[in-house]
Amino acid sequence: MFLKSIEVQGFKSFANKILFEFNDGITGIVGPNGSGKSNVADAVRWVLGEQSARQLRGASMQDVIFAGTQNRKPQGYAYVAITLDNSDHSLPIEYDEVTVSRRVYRSGESEYLLNGTACRLRDINELFYDTGIGKEGYSIIGQGQIDKILSGKPEDRRELFDEAAGIVKFKKRKNIAQKKLENEQQNLVRVTDILSELE
Ligand code: ATP
């Protein structure tokens with residue numbers, strides 16, 4: 001699996017539609033300070049479901065929408081799509097190519113798409129569990145993140161190893177199953193109460 005392309009439109013400093021295509025080997029993005037290099041990484045984090053404006057270096061989620069310049073009007077929405085080659089089927093989906101996209105409007109309305117079909121953020125999270133790609137994954141190491149990992153709490157470091165070891169999806173499923181079990185236990189208590197009232 002590898003990243004084939006990133007498409008951005010109206011996202012941060014990218015007012016126009018721009019397509020970054022990646023080939024084999026290493027790609028470097030170079031440019032003067034403030035030209036938008038980190039915004040490319042932010043776009044990937046955002047499309048993968050980043051919900052924290054702070055992580056995207058903004059004050060509110062609307063800050064990801066192109067705010068306009070002296071010569072350009074602000075945009076009404078931000079759009080990002082990433083396409084991954086999945087010919088080795090490391091992502092548990094039948095397609096050889098997977099495109100994840102996200103759009104948000106100034107009104108706050110937003111949507112996620114998986115290969116062009118509307119989906120929930122949860123579907124995207126589940127697709128990327130244990131691949132290192134999710135918004136919590138280690139495929140994007142931002143400035144200062146290594147320091148944060150090294151000086152962070154052992155539990156936080158553990159999450160990184162869990163992801164690399166491929167056990168996150170099992171932990172998540174366990175949590176969901178435990179929640180369901182708790183609900184069922186509460187239902188059972190209620191049923192027992194009703195039964196004893198009827199007796
Ligand atoms: P450095 O080399 O200093 O780290 P960089 O090339 O990584 O810089 P970024 O931090 O990616 O640059 O981009 C910062 C630029 O993006 C700033 O000029 C900022 O004005 C612009 N920018 C951020 N959000 C928006 C927005 N919503 N609308 C328009 N421009 C934006």
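1. A residue counts as buried if 20 or more other C-beta atoms lie within 10 Å of its own, as exposed if 12 or fewer do, and as partly exposed in between, with C-beta atoms placed from the backbone. By that count, 19% of the 199 residues of the chain are buried.

2. This is a predicted model: local features need pLDDT of at least 70, side-chain atom pairs count only at pLDDT 80 or more, and totals for chains, interfaces and linings use all residues. Residues are numbered from 1 along each chain as its sequence is written.

3. The chain has five helices and six strands. These are DSSP runs, numbered from the N terminus: helices are H or I with at least four residues, strands are E with at least two. From the N terminus the order is β-β-α-β-β-β-β-α-α-α-α. The radius of gyration, over C-alpha atoms, is 21 Å, well over the 16 Å of the globule rule (2.2 Å times the number of residues to the power 0.38), so the chain is more spread out than a compact globule.

4. Along the principal axes, the C-alpha atoms fill a box of roughly 80 × 40 × 40 Å.

5. Helix H2 (residues 121-128) has Ile-124, Leu-127 and Phe-128 as its buried residues. They cover an arc of only 85 degrees around the axis, which puts them on the same side of H2. The arc is that of the directions from the helix axis to the C-beta atoms. Their cover includes strands E4 (97-105), E5 (110-114) and E6 (117-119), where contact means C-beta atoms, placed from the backbone, within 7 Å.

6. Just after H2, Asp-130 takes a positive phi of about 70 degrees.

Methods. Two residues are in contact if their C-beta atoms, placed from the backbone, lie within 7 Å.
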